[in-house]
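Subject: Structure handover

Hello,

Here is the structure you are taking over. Please open it first, then read the notes below it.

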Amino acid sequence: MTILYLLTFIFVFPFYWIITGAFKAQKVTVQIPPEWFPLRPTLENFIKLFKNPALQWLGNSIWISFATMVLVCLSAALAGYVLAKKRFYGQRLIFAMFVVAMALPKQVVLVPLVRMVNALGFHNTLAAVILPAVGWPFGIFLMKQFSETIPGELLEAAKIDGCGEIHTFFNIVLPIVKPGVAALAIFTFITSWNDYFMQLIMLNTRSKLTISLGVATLQAEFATNYGVIMSGATLAAIPIVLMFICFQKYFTQGITMGAVKG
């Protein structure tokens, strides 16, 4: 139990330091010894932060993460169901390719990916960050594991009753794998929100930056206002923390159930 409390403190303390630092004056954030709790809290850092398009950056991050989440969940649920319950030539090979793709770092496919985005005319748009994430190999792998739990007899009964593939998927399959979709939604939202690398490569107009990129631009060459940066980090952390708190049950369930079938 002592080790658990120690680990909790180690993981929570940086978050606590960022939040408290957002309410400290600049000279207080860098003083030694540090001020562990803001004795004279101020909103000056947030005032300076909102002199920049911080809300627009936050909106861009939310839109990118939400759109990516919806598209990934839909495509992964469809692909996972087909790979788990349909039999066709090359099925095992296709699934093996998705598994191999999970091991490839994003940097390996960066050059062809950027060339494709430029050819489609999406560079420096939010779509340039959203669309490459659709067909996420991990999402397809996870949803295949969940789809394996669907009783084959249920699908046969639906077919006998005259249900088409679309009706079967949305009215029978999707409700059964709903915990998996919810877990994938959380995974996708968090991954997309924290995907600093792709956002940095694909976006360069100030108004189209995400909150992570926007906060990074506030660092000056010779002097950095750490209070403003901490206020931006606090603002960026709010949506992701709320998302995790509201759906942590599905997050844990997705980790455990997705590993049962193989």
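Start with N124, which counts as buried because its relative accessibility is 13%. Buried means under 20% relative accessible area, exposed means over 50%, and partly exposed lies in between (1.4 Å probe, protein chains only). N124 sits in the loop between α6 and α7. Its phi is near 65°, a positive value in a residue other than glycine. Most residues other than glycine have a negative phi.

Two notes on the source. This is a predicted model, in which local features need pLDDT of at least 70 and side-chain atom pairs count only at pLDDT 80 or more, while totals for chains, interfaces and linings use all residues. Residues are numbered from 1 along each chain as its sequence is written, and side-chain values use heavy atoms, with hydrogens and water left out.

The whole chain

What is the chain built from? There are 14 helices and 0 strands. The pattern along the sequence is α-α-α-α-α-α-α-α-α-α-α-α-α-α. Helices (H or I, at least four residues) and strands (E, at least two) are DSSP runs, numbered from the N terminus.

The C-alpha atoms fill a box of roughly 70 × 55 × 30 Å, taken along the principal axes. The protein chain has 262 residues, and 38% of them count as buried. It exposes about 15,300 Å², with carbon and sulfur atoms supplying 71% of that. These areas come from the Shrake-Rupley method with a 1.4 Å probe; for residues, only the protein chains shown count as cover.

Contact means heavy atoms within 4.5 Å. Among contacts in the protein chain with a separation of 6 or more, 75% are between residues 24 or more positions apart.

The charges come to 18 positive and 9 negative, and their mean positions are 6 Å apart. Lys and Arg count as positive, Asp and Glu as negative; His and the chain ends are not counted. Each charge is placed at NZ of Lys, CZ of Arg, CG of Asp or CD of Glu.

The largest pocket

The volume of the largest pocket is about 830 Å³. A pocket is an open set of points on a 1 Å grid over the protein atoms alone, where a 1.4 Å probe fits, with protein on both sides within 12 Å along at least five of seven lines. Grid points are joined across faces, edges and corners, and the volume is the space filled by probe spheres set on the points.

At least two lining residues come from each of α4 (54–85), α5 (91–102), α6 (110–119), α7 (127–130), α8 (137–147) and α11 (178–193). The most come from α6, with 4 residues.

Around M202

M202 is in helix α12. It counts as buried because its relative accessibility is 0%. Setting aside residues up to four places away in sequence, M202 touches L113, V114, V117, H123, N124, T125, A128 and V129. M202 and V117 are 85 residues apart in sequence, yet 8.7 Å apart in space, C-alpha to C-alpha.

T125 is in the loop between α6 and α7. Buried or partly exposed? T125 counts as partly exposed, at 22% relative accessibility. Beyond residues up to four places away in sequence, T125 touches M202, L203 and K208.

D195 is in the loop between α11 and α12 (196–202). It is buried, with a relative accessible area of 15%. The C-alpha atoms of D195 and S212 are 9.1 Å apart, and the two are 17 residues apart along the chain.

L213 lies in helix α13 (residues 211–217). L213 is buried, with a relative accessible area of 4%. It touches Y196, Q199, L200 and L203, not counting residues up to four places away in sequence. L213 and S61 are 152 residues apart along the chain, with their C-alpha atoms 9.7 Å apart.

T234 is in helix α14 (residues 226–257). It is buried too, at a relative accessible area of 11%. Apart from neighbours within four places in sequence, T234 is in contact with I18, I19 and A22.

Best regards

Note on methods
1 Å grid on protein atoms, 1.4 Å probe; cavity = no way out; pocket = protein on both sides within 12 Å on 5 of 7 lines; lining within 4 Å.
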